[in-house]
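Here is a guided tour of one protein model, written for someone new to reading structures. Keep the sequence and the 3D view open as you go.

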Amino acid sequence: YEVLPAGATSSATPIVASLAALVFSLKPGLEAKSVIELIKKGCDDIGDKGFDIFTGYGRVNFLKTLQLAKEFSR
């Protein structure tokens, strides 16, 4: 039995899920794929520029993502 360090995907999942719920509460008619794109675009890039295998799209930024969602129209 191996114990993974805190901060891995197990820690990230509830954070991203709560952000997705906030986006849906702001724009309930959005499709899931649009919410995913908003979250990706709202991330603060850390590590290598763009997507990378260590930091993904970066650190989620709740304010930036919600501002993008508020402006989003489709």
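Val-35 lies in helix 2. Helices here are DSSP runs of H or I with at least four residues, strands are runs of E with at least two, and both are numbered from the N terminus. This is a predicted model, in which local features need pLDDT of at least 70 and side-chain atom pairs count only at pLDDT 80 or more, while totals for chains, interfaces and linings use all residues. Residues are numbered from 1 along each chain as its sequence is written, and side-chain values use heavy atoms, with hydrogens and water left out.

Is Val-35 buried or exposed? Its relative accessibility is 2%, so Val-35 counts as buried (buried is under 20% relative accessible area, exposed is over 50%, and partly exposed is in between, with a 1.4 Å probe and protein chains only). Leaving aside residues up to four places away in sequence, Val-35 touches Ala-20, Val-23, Phe-24 and Leu-30; contact means heavy atoms within 4.5 Å. Phe-24 is eleven residues from Val-35 along the chain, and their C-alpha atoms are separated by 7.5 Å.

## The whole chain

Of its 74 residues, 20% count as buried. Take the contacts between residues at least 6 apart in sequence: 43% of them join residues at least 24 apart.

## The nonpolar core

Which residues make up the largest nonpolar core? There are nine: Leu-19, Ala-20, Val-23, Leu-30, Val-35, Leu-38, Ile-39, Ala-69 and Phe-72. Helix 1 (9-26) and helix 2 (32-41) each supply at least two residues of this core. A nonpolar core is a set of buried Ala, Val, Leu, Ile, Met, Phe, Trp, Tyr and Cys residues joined through side-chain atoms within 4.5 Å. In soluble globular proteins, nonpolar side chains tend to be buried together.

Leu-19 is one of the core residues. Not counting residues up to four places away in sequence, Leu-19 touches Ile-39, Val-60, Phe-62 and Thr-65.

## How the helices pack

Start with helix 1 and helix 3 (residues 62-71), which pack at an angle of about 30 degrees with axes 10 Å apart. Axes are lines fitted to C-alpha atoms, for helices over the stretch in contact, and angles run from 0 to 180 degrees between N-to-C directions. Helix 1 and helix 3 are therefore roughly parallel to each other (angles under 35 degrees count as roughly parallel, over 145 as roughly antiparallel, 65 to 115 as roughly perpendicular and the rest as oblique). On the helix 1 side, the contact includes Ile-15, Ser-18 and Leu-19; on the helix 3 side, it includes Phe-62, Thr-65 and Leu-66.

Helix 1 and helix 2 have axes 10 Å apart and an angle of about 115 degrees. Here Val-16, Leu-19, Ala-20, Val-23 and Phe-24 of helix 1 meet Ala-32, Val-35, Leu-38 and Ile-39 of helix 2. For helix 2 and helix 3, the angle is about 135 degrees and the axes are 8 Å apart, which makes helix 2 oblique to helix 3. In this pair, Leu-38, Ile-39 and Lys-41 of helix 2 meet Lys-64, Thr-65, Leu-68 and Ala-69 of helix 3.

## A partly exposed leucine

Finally, look at Leu-22, which is in helix 1. With 38% relative accessibility, Leu-22 counts as partly exposed. Not counting residues up to four places away in sequence, Leu-22 touches Phe-62 and Leu-66.
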